[in-house]
Amino acid sequence: NMESKGYTVAVYNRTTEKVDHFINGRGRGKKFIATHTIAEFCRAIRRPRKVMMLVKAGPAVDDLIEQLLPHLEAGDVIIDGGNTHFPDTIRRTKYVESKGLFYIGTGVSGGEEGALNGPSMMPGGSTAAWPLVKPIFQSICAKADGMPCCDWVGEDGAGHFVKMVHNGIEYGDMQLICETYQIMKDLLGMSNAEMHDVFAKWNEGDLDSYLIEITRDILAYRDDTGAYTLDYIPD
């Protein structure tokens with residue numbers, strides 16, 4: 001996503017074969033810099049560096065921060081793009097700032113497709129870091145009515161707090177869809193085709209959303225034998 005917006009991007013993974021596979025595959029001929037060590041990775045980035053971590057929430061984030069710090073300098077920015085619990089982001093912001101660097105915890109929503117084509121982003125943390133990453137974030141994020149789906153939401157763990165609320169709303173919507181499906185199927189005796197038509201109609205009005213859209217699609221999806229795939233899913 002960043003590369004497609006004109007940025008040169010250094011990439012690193014502790015499994016170096018993945019870096020080579022990417023550079024020789026999807027990244028071939030594009031503005032990527034392959035690196036095989038964290039030191040090499042940090043040297044490849046222009047100051048003030050913006051380092052975005054995409055690792056599993058938890059101790060792995062702390063471990064990676066410790067590996068990065070010896071190779072970064074005052075004014076550089078570390079960004080956590082994972083689903084981190086916001087109190088951890090508050091703690092890490094204070095810790096990284098004590099080292100003279102900036103820290104951002106940003107919620108990222110949109111899945112794989114959104115990550116490539118434009119996610120919703122919720123950054124928070126070291127306020128002084130926002131001007132450094134704003135042009136990048138607002139160029140790669142989704143747009144609604146021409147406006148970027150990304151803005152600064154506050155200091156410390158504010159970004160990951162907003163993402164937590166976002167996830168809670170999303171999971172509530174998913175539960176409502178599941179219960180609606182059960183009522184339609186088990187109480188009203190509706191077929192997959194009939195339910196598909198209802199969700200398709202809903203997706204044309206006020207309920208238009210990604211979750212309603214994919215529910216509509218899965219209700220109509222058939223495998224190679226012509227059977228509805230949904231009927232094979234026991235839960």
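At what angle do helix α3 and helix α4 pack, and how far apart are their axes? Here are my notes on that and a few other spots.

This is a predicted model, where local features need pLDDT of at least 70 and side-chain atom pairs count only at pLDDT 80 or more, while totals for chains, interfaces and linings use all residues. Residues are numbered from 1 along each chain as its sequence is written, and side-chain values use heavy atoms, with hydrogens and water left out.

1. **α3 and α4.** Helix α3 (residues 59-68) packs against helix α4 (residues 86-98) at about 10 degrees, and their axes are 12 Å apart. Helices here are DSSP runs (H or I, at least four residues), strands are runs of E of at least two, and both are numbered from the N terminus. Axes are lines fitted to C-alpha atoms, for helices over the stretch in contact, and angles run from 0 to 180 degrees between N-to-C directions. The two helices are therefore roughly parallel to each other; the cut-offs are under 35 degrees for roughly parallel, over 145 for roughly antiparallel, 65 to 115 for roughly perpendicular, and oblique for the rest. Val61, Asp62, Ile65 and Glu66 of α3 make the contact with Arg91, Arg92, Tyr95 and Val96 of α4, contact meaning heavy atoms within 4.5 Å. By class that is 4 nonpolar, no polar and 4 charged residues. For the classes, Ala, Val, Leu, Ile, Met, Phe, Trp, Tyr, Cys and Pro count as nonpolar, Asp, Glu, Lys and Arg as charged, and the others, Gly among them, as polar.

2. **α8 and α9.** The axes of α8 (residues 192-202) and α9 come within 8 Å and cross at roughly 160 degrees, which makes α8 roughly antiparallel to α9. The crossing is left-handed, meaning that the near helix is turned anticlockwise from the far one by less than a right angle (clockwise would be right-handed). On the α8 side you'll find Asn192, Met195, His196, Phe199, Ala200 and Trp202, and on the α9 side Ile212, Thr215, Arg216, Leu219 and Ala220. This contact has 7 nonpolar, 3 polar and 1 charged residues.

3. **α7 and α8.** For this pair, the axes come within 11 Å and cross at roughly 140 degrees, so α7 is oblique to α8. α7 passes α8 in a right-handed crossing. Ile177, Thr180, Tyr181, Met184 and Lys185 in α7 meet Met195, Val198, Phe199 and Trp202 in α8. The class count is 7 nonpolar, 1 polar and 1 charged.

4. **The second largest pocket.** It holds about 610 Å³ of space. A pocket is found on a 1 Å grid over the protein atoms alone, as an open set of points where a 1.4 Å probe fits, with protein on both sides within 12 Å along at least five of seven lines; lining residues have an atom within 4 Å of a point. Grid points are joined across faces, edges and corners, and the volume is the space filled by probe spheres set on the points. Of the 19 lining residues, Ile177, Cys178, Tyr181, Leu230 and Asp235 lie nearest the centre. The elements giving two or more residues to this lining are α7 (158-187) and α9 (210-220), with α7 supplying the largest share, 9 residues. The lining has 12 nonpolar, 3 polar and 4 charged residues.

5. **Backbone spots to check.** The peptide bond from Arg47 to Pro48 is cis, with omega near -10 degrees. Pro48 sits in the loop between α2 (38-43) and β3 (50-53). Asp145 isn't a glycine, yet has a positive phi of about 55 degrees; its place is the loop between β7 (143-144) and β8 (147-148).

6. **Tyr221.** This residue is in the segment after α9. Tyr221 and Asn192 are 29 residues apart in sequence and 9.4 Å apart in space, C-alpha to C-alpha. Leaving aside neighbours within four places in sequence, Tyr221 is in contact with Ala227, Tyr228 and Thr229.
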